[in-house]
Amino acid sequence: MSRSRALPLAVFTALIVLVQLATGLADKGQYLTQLTMAAYYALPILGLTLLMGYAGQISIGHAGFFAIGGYVSGFLTTFNLTELSSRWWVRAAARLHLLAAGQDAFASQTLVVRAWPACIAALLITIVVAYLIGKPVLRLKGHFLAMATLGFGTIVYRLVLGTSALGAADGISDVPAFHLLPGLDVSGKSALRISNYYVAWGLVLVTVILLGNLIHSRIGRAMRAIHGAEEAATASGIDTQDTKLKMFVLSAVLAALGGVFLTHYNGGIGPSEASIMKSVRMVAIVAIGGMANLWGALIMGVALNFLSMRGSFGSYDDAVFGVILLLIMLLSPQGLLRADLARRLVRMVSRRPKEPVT
Amino acid sequence: MNRLPKWIVLLGALGLAGPAAAKETIKVGAILSVTGPAANLGGPEARTLQMLVDEANKKGGIAGYPIELLLKDSGGSPEKAISFAKKLIEEDKVFAILGPSTSGETLKIKGIAEEGKTLLISCAAAEAIVKPVGKYVFKTPQNDSHAARKILEHIKKAGATKIGLVSSNTGFGKAGKEQVEKVAKELGIEIVANEVYEKEATDLTAVATKLKAAGVQAFINWSIEPAQAIVLKNARQIGLDVPIYQSHGFGNIQYVKAAGPAAEGVIFPAGRLLVAESLPASHPQKAVLMKYKKDYEAKFKEDVSTFGGHVFDAYLMLAKAIEKGGADREKAREALEGVQGLVGTAGVFNFSAQDHNGLQMDAFEMLTVKQGQFVVLQEGAAKKDAPAKKK
Amino acid sequence: MTFALLLQYLVAGVTYGAIYAIVAIGFGIVYNATGIINFAQGEFVMLGGMLAVSLQAFLPLPVAVLFAVLITMGVGALVEILFIRWLDRPTVLRMIVITIGLSIGMRELALLVWGEGVRSLPYFTGDAVSALSVGDVHVSPQVLWVLGTVGVIVAFLVLFFGKTRLGRQMRACAANRDAARLCGIDAKGMVTLSFVLAAGIGALAGCVVSPITYVQYDSGTNLAIKGFTVAVLGGLGNSAAALGGGIILGVIESLSIIVLPAAYKDVVAIALLLAILVFRPAGVFGNAATARLKEHA
């Protein structure tokens, strides 16, 4: 990894730790709650930055994947299989250590899927759905692609809202903690606030590293070539459809991952996580951050989601995102934190030989 | 050792004694869905609560404690409710939280309130909120099961055996649907058409047609959205002239206005707030209801609804708890459990350690619509439930 | 399933469908002139309804409707001048995001002005229970108003674009902006006009439909999605085809209730949209050439 990439990562890691220590010292440890939530929301945003900014494919339905992740894992970890315990597949699952027994609030027997298999199931289902949706839809362009993704997001919303097994309008509650590793739980308990904070931000850090590697790899260059000029990319032998599809699926999986973890952290999920406004907010944040700018999207995403989750925007939460989106798109479509702006500044102060702008 | 002059010591003592005479401010949090899909609940609730707190503070607060209201708009999103609940409890260290407006949100923060040992007085109706009972969790709306039972007993008395049920895909609609299905089975009434529609539905003619096709002798609509006015219009328009029952979500005159003549004869259970004027002066609820109605309508220039009433009751409970238990949370909580005969908009509340809702079936009155107004349903009145068909 | 009941479902379907068709036509007008899909089209419908309700408190109903339409047309012009006009060859992505932002902005503004409550206009003729009956099939008179208004709008647009000078100028601009300018056509003015027209017909639809349903600050979003489905179904930019598409979508939605729970009605509409986008983006009535989308407006 080049020095220019390692440095921001080191700074980022240091910042994560510093913020936690600072909040602890200032007795503002409760801020960690919203910071953790913001971190989980950052995962779909990073994925979307990859898709929209680097691969140039718009998606106004990504909250749908977030919801799929959250709902599948939420459902599996709360659906009581006790009635079905004689079925062969339930017994097989039990033998494979996929299930956990327990008691619910009424002291009756419960048998649910454990969090790890549920998480994996959620991600697998997301991959399948993203592949099935992406394959036909990514052949579209411009408005049609936008509308198709909007339609996908709306379908997910309507399905979770209209299905009683998924809690309909109430959503799923009492989702148990996610036992990541012995002694490390993802849950909302205030005693576990600090460890949960590090889990969330650790996940974000890993994602940033992986995406960074991807962008600078061969596939990443292929993706950026497609964004620049698709016909030229095809002419140089890049399988554009395949690359686009891979990026779509990857960004979907990231969104679903965020959904899974947040659902366990919150102890539940509701249809509002699949709403179109959520998808639009993600698009807004990617746009503000600078479209093809992982750090920009991350910073703006955390800042805006943190404030939103604390209620700083009051009843005009949606309005804030809408107005920001509008202003940025009108005045500075390259975003506030332009990638090349930062690079230009860095080049001005660095002593390395000038590199051509990518 | 330094010896402070006597007069400084005296001054210091007086200084300490001074502020102790005034009571500390009690912070009260509220999580309501002022905007978003449940805005018709949270909007009136937020306005009511603001009005009540302002009024109390003008008189020095509740039992002498000034009240600081921290109102948060959750937009009906559970994740916001969770985040706000944690913030209010852990950061702002509120004495109690009033709301949320919807069952979905309440169920998600029930555990947080219990863990944070903070009173949660919810304005949402789901029975799961108080069953199993959480030490700190209370709710003010009447139980859906009571409403469903009241409706179905009336249907049974009227002699109908095959009915239709339509409900919206919201928490309220879903809860009602389950209750109606359960009680109907118990009473031997068959639901021959059972449809769920989207809450934003703007035309329900197709659903009404389906009901007609199934040959229902009466039907129940369970929703709290404007759709409940639309289903009335559509049903009457296609000539479905059977008795129509609504849930207690019909408790806002704007739905009657929206449905026009289609609302005539609709029967539904509700708190007595809507017919406050026609109550006899001796009725225990009359004074409270009339005052709320007058104040709200004067201040906000819109009609009262039973939804705003839910937070009114929550506030009454909070006030009672503080009056009896002071600013100590544990004492206040215990005191609340012992409250009997608290007159609210939804009915007269009697709490206990096992009953954190405090209302029974008699909290409901069966109302109907006559000439565009809510009136108490007179039993034995003419069975003309459908308006005359206009040719 | 008797024939009368089937007809009743069809009537419901056509009623829904006419409502969506107008939104689609509005999309089409702006798209033809600018290559932009204006996501805020649904909000024009909402504005028309809301304004009319506020105005009819102190104006007679027809005058209130007229003024509501005129004011919304003004808003349409304002939107174009303030947000669209001065953009220099924006990418499609940018335009999509801008109009989404506009849609949200208008919605929140409506929330600020009118609150979260629902409003309805009084019925133009008759009231909530009056119905014209043919045998066992009942139709509210307002439905006839809706269909009549939509019919008049379509006829007007066909005449306008086909026969009037202004209409032909707009079509010229849509076909080739630069060539049109060379012929002396005020291209910028045509764009503004397209927004004004789209806003006007949207507002009129909002007025004529609000007695049957209701308007609320967020009524616009759902309409936009359904309207787009119809636009794509009917071949984007073709008014008469959009009407056909609207009826098809409305009827399919309505009949779907027979087999599926009503809560999934929207899913049917969107699944249809996705199917069309994937298999025949030019729509049922359009042709493949028009499906090739412009990269820049």
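Buried area is the accessible area, taken with a 1.4 Å probe, that two parts lose on being put together, summed over both. I keep that in mind for the first entry, since what I have open is a predicted model.

**Entry 1: chains A and C**

I looked up the interface of chain A and chain C. The two chains bury about 3,500 Å² between them, and 82% of that is on carbon and sulfur atoms. Which three residues supply more of chain A's share than any other three? They are His143(A), Phe144(A) and Met147(A), which give 24% of the area that chain A buries against chain C. Counting contacts, I find 38 residues of chain A against 40 residues of chain C.

**Entry 2: charges and polar pairs**

How many salt bridges does the rule find across it? There is one between chain A and chain C. Its partners are the side chains of Asp318(A) and Arg107(C), at 3.9 Å from N to O. The cut-off is 4 Å, so this pair counts as a salt bridge.

I then asked which elements form chain A's side. Those giving two or more residues are helix H5 (115-137), helix H6 (142-162), helix H11 (276-289) and helix H13 (317-331) of chain A. H6(A) has the largest share, with 14 residues. By class, I noted 26 nonpolar, eight polar and four charged residues on the side of chain A that touches chain C.

**Entry 3: aromatic rings**

On to the rings, friends. Over all chains the structure holds 28 aromatic pairs. I opened Phe75(A) and Phe79(A): their ring centres are 4.9 Å apart and their planes stand at 25°, so I log the pair as stacked. Phe75(A) is partly exposed, at 25% relative accessible area, and Phe79(A) is partly exposed too, at 37%.

Then I turned to chain B. Is the pair Phe250(B) and Phe374(B) stacked or edge-to-face? The centres lie 6.2 Å apart with the planes at 75°, so the pair is edge-to-face. Phe250(B) sits in the loop between strand E9 (244-246) and helix H9 (253-259), while Phe374(B) belongs to strand E14 (residues 373-376), so the pair ties together parts of chain B that are 124 residues apart in sequence. I checked burial as well: Phe250(B) is buried, at 0% relative accessible area, and Phe374(B) is buried, at 8%.

Notes. Residues are numbered from 1 along each chain as its sequence is written. Chains are lettered from A and ligands numbered from 1 in the order in which they are written. This is a predicted model: local features need pLDDT of at least 70, side-chain atom pairs count only at pLDDT 80 or more; totals for chains, interfaces and linings use all residues. Side-chain values use heavy atoms; hydrogens and water are left out. Contact means heavy atoms within 4.5 Å. Helices (H or I, at least four residues) and strands (E, at least two) are DSSP runs, numbered from the N terminus. Ala, Val, Leu, Ile, Met, Phe, Trp, Tyr, Cys and Pro count as nonpolar, Asp, Glu, Lys and Arg as charged, and the others, Gly among them, as polar. Rings of Phe, Tyr and Trp (its six-membered ring) pair if their centres lie within 6.5 Å; planes under 30 degrees apart count as stacked, over 60 as edge-to-face and the rest as tilted. Buried means under 20% relative accessible area, exposed over 50%, partly exposed in between (1.4 Å probe, protein chains only).
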